[in-house]
Amino acid sequence: MSERAVRPLRADYPHLVPFGTRWMDNDIYGHVNNVTYYSYFDTVANAFMIENGLEIHDGPVIGVVAESTCRYHAEIAFPDRLEVGLRVDRLGTSAVTWGIGIFKVGVEEAVANGQFVHVIVDRVTRRPVPIAEGLRAAMAKILNPRVTDQ
């Protein structure tokens with residue numbers, strides 16, 4: 001079976017967040033538009049960082065997206081209720097690779113999954129800086145146990 005055909009399971013993600021689709025998420029074809037998934041990814045990853053110490057308004061650092069990918073397995077549409085799973089697939093000095101899975105409530109297999117890379121940078125210079133210890137500790141708690149290159 002190709003990697004593309006594998007649908008991650010809810011149990012693959014230690015941090016799950018309830019998430020509802022919105023009317024505006026549907027496109028002309030009647031399902032959630034592909035670009036909207038990236039908005040879900042961004043929202044869940046940033047919420048986690050904010051909840052764990054990243055000050056987005058006045059703090060000295062910000063997270064910028066360096067890369068993102070998404071694999072689509074099944075359609076979703078408003079008014080589907082979702083859960084978005086989050087884990088850390090790689091934790092570097094200045095960057096984190098999030099593993100993200102999107103699930104319909106009550107369904108074990110992901111409707112979509114992907115990765116989202118954040119680089120932590122100085123707010124002014126936009127140069128990479130080390131991830132703060134408190135945030136790093138929170139990220140380490142949801143580290144993907146299958147990752148061995150940390």
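**Ground rules.** I number residues from 1 along each chain as its sequence is written. In this predicted model, local features need pLDDT of at least 70 and side-chain atom pairs pLDDT 80 or more, while totals for chains, interfaces and linings use all residues, and side-chain values use heavy atoms, without hydrogens and water.

**Helix 1.** I took helices as DSSP runs of H or I with at least four residues, and strands as E runs of at least two, numbered from the N terminus. Helix 1 covers residues 34-51, 18 residues in total. Its first and last C-alpha lie 27 Å apart, close to the 26 Å expected at 1.5 Å a residue (1.5 Å times one less than the number of residues). Gly53 follows helix 1 with a positive phi, near 110°.

**Aromatic pairs.** I searched the whole structure and found 8 (ring centres of Phe, Tyr or the six-membered ring of Trp within 6.5 Å; planes under 30 degrees apart are stacked, over 60 edge-to-face, the rest tilted). Tyr38 and Phe41 pair edge-to-face, at 5.9 Å and 70°. They sit 3 residues apart in helix 1, about one helical turn. Phe41 is buried at 0% relative accessible area, and Tyr38 is partly exposed at 26% (buried is under 20%, exposed over 50%, partly exposed in between; 1.4 Å probe, protein chains only).

I then checked Phe48 and Trp98: edge-to-face, 5.6 Å, 75°. Phe48 is in helix 1 and Trp98 in strand 4, so this pair ties together parts 50 residues apart in sequence. Phe48 is buried at 5%, and Trp98 is buried at 0%.

**Cluster.** Ring pairs join Phe19, Tyr37, Tyr40 and Tyr72.
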